[in-house]
Amino acid sequence: VGNEQLLSLYEQFDALSKLIEEWKGLKAAIEKRLPGWNQLQTLLLAAGEVPCVAHIRQQADAILTNRLLLENPDMVQPLMKSLEEVVRNQLHEYQAQYRTVYEAGMGKLYKSSVWKELSPERQTAILCSCGIVEIGALACSHYEELLTVLNQYPLTSWADRIEALKTRFVKALELAVKAMEPTVQMLEIPKRTLKTDADVDRWLREVGEQLRSAVKTGSVNMR
């Protein structure tokens with residue numbers, strides 16, 4: 001039986017040698033393609049579930065489902081370049097929106113007579129306490145930099161970050177007013193939908209009562 005097995009192996013030597021070479025080639029191809037695939041998955045994970053990368057995520061899922069990783073030409077590298085470009089452009093767009101809100105908010109502060117009365121040190125302290133910071137240029141020219149930026153500024157966080165910045169500028173002005181006049185009160189004016197003269201009269205009476213009551217205990221700043 002042993003001799004027969006040896007003879008069978010000998011007769012299949014060429015076929016087995018061919019298979020071995022094919023397996024070696026397959027192993028080399030996997031080792032070459034797998035790092036790019038892993039980078040694609042890592043960047044997709046870092047980007048999060050945002051609409052701008054949905055189409056790329058679908059294509060990556062198709063590569064996995066249909067086992068196309070080793071297809072020629074390489075389908076991963078073009079997809080990776082597209083993903084990097086989309087993420088980079090989205091970061092720049094969000095940063096531009098943030099900068100617009102930041103510059104508008106700072107402009108309002110600098111025009112405020114109250115803000116002008118504060119020392120630069122006090123202004124800086126108020127900005128810091130309100131979490132108002134300028135976001136400088138984002139270095140995201142290549143894969144590693146994109147991951148670093150996304151770790152610090154996730155795409156999913158920008159909408160809330162921009163909206164919160166508006167509120168922080170309002171708070172900064174309130175603190176500036178209080179710093180100049182510690183007894184000042186911030187009075188929230190009630191918001192109403194006014195349709196008739198009677199609605200206006202009622203609203204004025206309500207606001208007037210609030211103001212008269214508030215000024216009894218100190219100065220008032222309305223918002």
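**Exercise 1.** State how many helices and strands the protein chain has, and decide whether its fold is spread out or a compact globule.

*Solution.* The protein chain has 9 helices and 2 strands; helices (H or I, at least four residues) and strands (E, at least two) are DSSP runs, numbered from the N terminus. Along the sequence their pattern is α-α-α-α-α-α-α-α-β-α-β. The radius of gyration, taken over C-alpha atoms, is compared with the globule rule, 2.2 Å times the number of residues to the power 0.38. For 223 residues the rule gives 17 Å, while the protein chain has 32 Å, well over that value, so the chain is more spread out than a compact globule. Along the principal axes, the C-alpha trace spans about 110 × 45 × 30 Å.

The model is predicted: local features need pLDDT of at least 70, side-chain atom pairs count only at pLDDT 80 or more, and totals for chains, interfaces and linings use all residues. Residues are numbered from 1 along each chain as its sequence is written, and side-chain values use heavy atoms, leaving out hydrogens and water.

**Exercise 2.** Find the percentage of residues in the protein chain that count as buried.

*Solution.* Buried means under 20% relative accessible area, exposed over 50%, and partly exposed in between (1.4 Å probe, protein chains only). Of the 223 residues, 30% count as buried.

**Exercise 3.** Locate Ile 30 and classify its accessibility.

*Solution.* Ile 30 lies in helix 2, which covers residues 13-47. Its relative accessibility is 35%, so Ile 30 counts as partly exposed.
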